[in-house]
Amino acid sequence: MRDRRLAWRDLDWVIISIYLLLVFFGWLNIYSAVYNPSNHAIFDFSQRYGKQMIWIAASIVIALIIIIIAPKFFSQFSYAIYGFHILSLILVLLFGKEVAGSKSWFQIGSFAIQPAEFVKYATSLALAQYLSNLDVKVGNLKATIIAGVIIILPAFLILLQNDTGSALVYVSFIFVLYRRGLSGNIFVIGLIFAFLAVLTLLLQSLTYKLILLGVILLIISLSYLFMKKNLSNVLKLFGIFAIIVAFVFSVDLGFSKLQPHQQVRIKVLLNLKQDLRGAGYNVYQSKIAIGSGSISGKGFLNGTQTKFNFVPEQSTDFIFCTVGEEWGFIGSSLVVILFVILLIRIIYVAERQRSIFSQIYGYGVASVLFFHFTINIGMVLGILPVIGIPLPFFSYGGSSLWAFTILLFIFIRQDAERMKLL
Amino acid sequence: MIMRKDKYANRKYTIYGFFIFVGIIFLIRLSILQLFNNEYVFAAENNTRKDITIYPPRGLVFDRNNKLIVYNEAIFDLMIIPKEAKDINIVNFCKLIGIDTLEYQRKYKKAKKYSRRKASIFVKQLSKTQTAFLQEKLFQFPGFYVQARTLRKYPYKNAAHLLGFIGEVNSKELKNDTFYSSGDYIGKSGIEKSYEKYLRGEKGVEKLMVDVYNREKGSFHNGKYDIPAKKGYNLHLGLDVDLQTYGEELMRNKIGAIVAIEPSSGEIISMVSAPSYDPNLLVGRIRSNNYDSLLKDKHKPLLTRALNSSYPPGSTFKLVQALIAQQEGVLYPSTTYTCHNGFNYKGLHVGCHSHTPTINLEEAIKISCNAYFCNVYRSIINNHAYKNSEMGFRKWRDYTLKMGFGKKLGIDLPYERGGNIPKVEYYDKYYGKGHWNAITTISLAIGQGEILETPLQMANEAAFIANRGYYYTPHIVAQIGDSAKNNPSFTKKNYVGINSKYFDIVVNGMEKVVENGTAKLAKIDSIAVCGKTGTAQNPHGENHSVFIAFAPKDNPQIAIAVFVENSGYGGTWAAPIASLMIEKYLKGYIPKNRKWLEKRMLEGNLIPEDER
C-alpha cells in the first residue's frame with residue numbers, strides 16, 4: 001500500500017456539487033414556504049429557514065469531520081455503529097417523546113433528534129460489512145437470513161415506534177441484495193403480488209374476486225401446457241395457485257389491520273374514495289400547487305398555495321410542492337433530473353470501487369436515496385399513497401439532513417481511498 | 001477484500017434502468033400536471049381568492065324643486081358564511097352580540113340551509129356603535145363579517161304610497177334575478193319597485209387573497225381586477241313635496257285620494273292616498289311590526305287609493321259625454337233639452353234638482369243637469385249614422401278608452417288598476433243580444449252604473465280637458481339621473497280623438513261651475529279655475545264626493561282630482577280641497593279670506609263615526 005495523504009481532488013466533486021445544489025435549493029424553498037412578508041430576516045433562527053441554515057452549517061462540519069476520519073474506522077467499527085444505533089432505537093421506544101402519534105424522538109432541551117434517521121447509514125454499513133465477507137454468498141439460505149435480519153431488525157423497531165414510512169425504507173435494501181446475487185425474480189414476484197393486492201382492493205365484492213381467481217387458474221392451467229407433464233410441475237403450479245388464493249383473501253384482512261388513516265390514504269389513491277376535504281385534501285392541494293406552477297412557475301416567494309398554507313407539511317414532506325409552484329416545470333424537472341443523475345453517479349462510483357465493502361455500501365446509499373426520492377415525489381404528485389418520509393437534502397429537518405449527509409459522505413470518503421488500495 | 005470476478009456486474013444496468021424509469025415517470029407526471037392542464041391554475045386561484053361585494057349607494061330622490069326627499073343611511077348587517085364558521089367559541093360569541101346559544105343554533109341552521117358557501121345575514125341592522133365594538137373582536141370568529149348596507153330615510157315623512165319601500169329580497173326575487181344575493185334589499189312598492197333597476201346601481205367586487213384559514217392577505221394583483229361599485233341613478237320627481245304635505249294634511253281624517261297632474265308634461269305634482277302613513281315606519285328593524293299593524297288597520301292605510309281604488313266618477317263623466325256627442329255631431333253648444341226634475345222615459349226616471357227647465361250645454365254643465373246628459377248620451381247611442389244602438393255604444397266606448405278610461409294609464413308605479421267601462425258583451429250577457437239600448441244603460445250617462453275610475457283617471461280627465469284634447473301618460477319620475485332631460489317613456493302626446501274646438505264650450509261650462517255653479521267654494525281670487533263636481537252614489541252610507549278641475553283656464557298649470565269618501569256632495573268637501581291645493585300650488589299660500597275654509601277642511605273628520 002502506498003502511503004498517500006488524502007487529496008481534495010480525490011473526492012468525487014460531481015456528487016458533492018449535486019449535494020450542495022440540492023441543499024441550497026432546498027433551503028430556498030423552505031424559506032419560501034415559511035416566508036412571511038412582515039418578518040423575513042434570513043438569520044431569524046426562530047423560523048424554520050433560520051434553523052435549517054444551522055442544520056446546513058452543521059452538516060458541512062459533519063461532512064468535513066467524516067472526510068478527516070480515517071476511512072477504515074467505518075468498515076472496522078461497522079457492527080459497533082450498527083449496534084449503537086439499534087440500541088438508540090430501543091431507548092427511544094422506552095424514553096422517547098411522542099410526536100404526532102409516533103414515539104420516535106429524543107428531546108434534549110429544546111433540541112429534538114430522530115434516531116431512526118441515522119439507522120439507515122448504520123444498516124448500510126453493517127450490511128456492507130457482512131456481505132463483503134468472502135465466504136458469504138447471497139444465494140445461500142444462511143447468508144440471506146442473516147442479511148435479512150440486519151435489514152429487518154431496525155425496520156421492526158421503527159415499526160414499533162409507529163413510524164411506518166421510515167420502516168418501509170428498509171425494503172430498499174433489496175437492491176443491494178439483488179446486486180449481490182439475489183434472484184431477479186424477486187422484483188417480478190413483488191410486482192405480481194403488488195398488482196394482485198391493488199386488484200383485490202379494487203374488486204371489493206366476493207364475486208369479482210372469484211372471477212379474478214378463476215382467470216388466474218385459467219392462466220396457470222394454460223401455462224402447464226407449455227411445461228413438462230409431470231407430477232412435480234402439477235404440484236408446483238397447484239402450490240402457486242394456493243398461495244395466490246391465500247394472498248387474495250389475506251389482502252383484505254391485512255388491509256383491515258392497517259390504521260384507519262392509512263386505509264383511507266390507500267383508498268383515496270385507488271380512487272375508491274373521493275375525499276377532497278379529508279385525507280385526499282393534502283394530495284389534492286399538492287397537485288393544485290404543482291399544477292398551477294405551469295411551465296416557469298409563479299416565481300420565488302410568489303406561490304399562493306404554499307405561502308397561504310393550503311399545502312400542509314409544506315416545508316417537510318411536501319416541500320416539492322413549493323418547487324413545482326414557484327419554479328414550475330423547469331424547476332421541478334430539474335430537481336428530478338438532479339436526483340436521477342446523483343443516483344446514477346453513486347452507482348457509477350460504487351462500481352469503480354475495488355473494495356467490495358465500499359461498493360456494497362454505495363449500493364446501500366443509492367437504494368435508500370432512491371426509495372426516499374420515489375416515495376416522496378410519488379406521493380406529492382399523487383401517484384403513490386401518502387407515506388410521510390422526507391425528500392433527501394431538501395426537506396426541513398436536522399435529523400434527516402444530518403443522517404443523509406453522513407450516509408453520503410461516508411461513501412465519498414470511502415471512494416477517495418480507492419487509489420490507495422492496491 | 002479484493003474483488004473477484006463479479007458475475008452479477010451487469011445487474012447495475014437493471015438498477016440504472018429503475019432510476020431512469022422512475023425519473024421518466026415523474027417527468028411525465030409533472031408535464032401532465034404543469035403543462036397540459038389548466039384546471040389546477042384555476043383551482044389555485046379559487047383557493048386564494050375571495051371576492052368582497054361592494055354595495056353601491058342607492059339612488060337619491062328629489063322633488064320638482066330639487067328638495068331631497070329620499071336619502072340613504074348606512075347600517076350594518078352581521079354576515080355569516082357557515083362553511084367558514086368553524087371552531088367558534090359560541091358562548092363568547094353569543095355574549096358579544098347579545099343572543100343565547102339556542103338562538104345562535106337556530107340562526108346558524110337557517111344560514112346553512114340557504115348556503116354553506118354563500119353569506120347570509122346573521123344579525124340584521126346593527127347601529128354604528130354596535131358595529132364599531134363588534135368589528136374589533138370579530139377576528140376571533142372566522143366566518144363572520146360585517147356588511148355595510150343602506151337604509152332609506154324620508155325627511156318629509158310623506159308620499160309613502162308613491163315612494164314605496166325597500167325590503168330584503170325573497171326567494172322568488174332571488175331566483176328571478178341573479179343580481180341579488182340573500183340579504184340584499186330590493187324595491188317592494190312605489191317607485192322603489194318600478195325604478196329598481198335604475199336606483200340599485202351596480203355592485204362592485206373587491207378581489208382579495210386569503211390563506212387557508214380565510215384570513216385576508218392583501219389585494220389580488222394590487223386591485224387590478226377589482227370592479228368599482230356604480231352608484232344608482234338619482235330620480236327627479238315631478239312631485240312637489242310641499243304640496244304633497246299640504247294635501248296629506250287636508251286629507252287627514254278622511255278617506256280618499258288627491259291626484260294633481262301638470263297637464264303640459266303629465267308629471268304628477270301630488271298624489272295623496274288617505275289615510276297615509278310615515279314612510280319611515282317601514283324602514284329597518286321596526287318595519288315588520290309596523291307593517292303588520294298597518295296591514296290590520298281597517299281603513300287600509302297601505303292601500304294606494306289613487307291607483308288601486310276605483311269609484312263611479314259621477315257627474316264628472318258628463319264632460320266626457322259632452323265631448324263625445326259634439327265630436328259625433330249630435331250635440332251643439334246651442335242644443336237645448338228640457339228637464340222637469342229629471343229625465344223621464346217610459347216610466348224610467350232619473351232624478352234632477354230644480355232649475356230652469358230648458359237649458360243649453362254650458363248651463364247644463366254649470367248646474368250638472370242629469371236630464372240633459374241623459375238625452376246627450378241617448379243621442380250618442382242612438383246616432384242614426386250607425387245601424388243600431390249597439391254600434392253607437394261601441395263607438396261611445398271607443399272614445400272613452402281613447403280618453404284613458406277602462407284601462408290602465410300606464411303610470412310608472414306598480415299595481416295600477418284600470419277601472420271599468422262596460423263592454424257590449426257584458427250587456428249582451430246581462431240582457432241578451434239586442435235587448436238593451438241607451439235607456440237600459442242610461443246610468444252611464446251620469447257616470448253611475450258599471451263605470452269605475454281610479455282617482456288617477458279622474459285627474460287625467462281634467463288634464464286632457466286642460467290640454468284641449470290630449471294627455472301625457474301621468475308619471476311620477478320626471479327625470480332619471482342628473483344629466484338626462486326627460487323620462488323618455490313619457491314624452492308622447494296621447495290624443496283623445498276629440499277636436500280641440502269642442503273643448504271650448506266644455507271649458508266655459510267648467511268655469512261657470514266654479515263661478516256660480518255647483519262648486520262656488522272652489523273659487524280663487526284672480527285665478528280662473530275650471531272644475532266639475534261629481535257625486536258617486538254609495539249604497540253603504542253617505543255618498544262619495546269628487547271634484548275634478550284645472551287652473552288657470554288659459555295655459556293650465558295644474559289638473560286635479562279630489563275624491564273623498566262618505567262626504568256627500570262634491571261641492572262641499574272635494575271642491576274646496578281641490579281649490580286649496582290649486583291655490584297653494586299656484587300662489588304658494590292661502591290668502592286670509594280663505595283661511596276659514598282651509599281650517600274647515602283641515603279639521604273635518606269624514607270617517608264614519610262607527611268606524612273611528
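Reader: Which conventions apply to the numbering and to the values?
Author: Residues are numbered from 1 along each chain as its sequence is written, and chains are lettered from A and ligands numbered from 1 in the order in which they are written. Because the model is predicted, local features need pLDDT of at least 70 and side-chain atom pairs count only at pLDDT 80 or more, while totals for chains, interfaces and linings use all residues; side-chain values use heavy atoms, leaving out hydrogens and water.

Reader: What distance separates the centres of domain 1 and domain 2 of chain B?
Author: Chain B is assigned domain 1 (50–83 + 94–225) and domain 2 (241–285 + 303–606), with bounds from an automatic or database domain assignment. Their contact (heavy atoms within 4.5 Å) takes 28 residues from domain 1 of chain B and 32 residues from domain 2 of chain B. Taken over C-alpha atoms, the separation of the two centres is 45 Å.

Reader: What distance separates the centres of the two domains of chain A, domain 1 and domain 2?
Author: In chain A, domain 1 covers 8–187 + 274–416 and domain 2 covers 205–269. Over C-alpha atoms, their centres are separated by 34 Å.

Reader: Is α15(B) roughly perpendicular or roughly parallel to α16(B)?
Author: Helix α15 (residues 370–381) and helix α16 (residues 389–402) of chain B have axes that come within 7 Å and cross at roughly 110°. Helices (H or I, at least four residues) and strands (E, at least two) are DSSP runs numbered from the N terminus, and axes are lines fitted to C-alpha atoms, for helices over the stretch in contact, with angles from 0 to 180 degrees between N-to-C directions. Angles under 35 degrees count as roughly parallel, over 145 as roughly antiparallel, 65 to 115 as roughly perpendicular and the rest as oblique. Therefore α15(B) is, relative to α16(B), roughly perpendicular.

Reader: Which residues make the contact of α15(B) with α16(B)?
Author: By class, there are five nonpolar, two polar and no charged residues. Ala, Val, Leu, Ile, Met, Phe, Trp, Tyr, Cys and Pro count as nonpolar, Asp, Glu, Lys and Arg as charged, and the others, Gly among them, as polar. From α16(B) come B:Ser389, B:Gly392, B:Phe393 and B:Trp396, and from α15(B) come B:Tyr377, B:Ile380 and B:Ile381.

Reader: What is the relative accessible area of A:Thr123?
Author: A:Thr123 belongs to helix α5 (residues 115–131) of chain A. Beyond four places in sequence, its contacts include A:Tyr82, A:Ile150 and A:Phe173. Buried means under 20% relative accessible area, exposed over 50% and partly exposed in between (1.4 Å probe, protein chains only). A:Thr123 is buried because its value is 0%.

Reader: Which residue has a side chain joined to that of B:Arg594 by a polar contact of 3.0 Å?
Author: B:Arg594 sits in the loop between α20 (574–587) and α21 (595–603) of chain B, and is buried at a relative accessible area of 8%. A polar atom of its side chain lies 3.1 Å from the backbone oxygen of B:Lys523. A polar contact is a pair of N or O atoms within 3.5 Å; within protein, one must be able to donate a hydrogen and the other to accept it, and residues adjacent in sequence count only if both atoms are side-chain atoms. The side-chain partner at 3.0 Å is B:Ser579.

Reader: What is the omega of the cis peptide bond that joins B:Ala551 and B:Pro552?
Author: Most peptide bonds are trans. B:Pro552 occupies the loop between β21 (544–551) and β22 (558–564) of chain B. For the cis bond joining B:Ala551 to B:Pro552, omega is about -15°.
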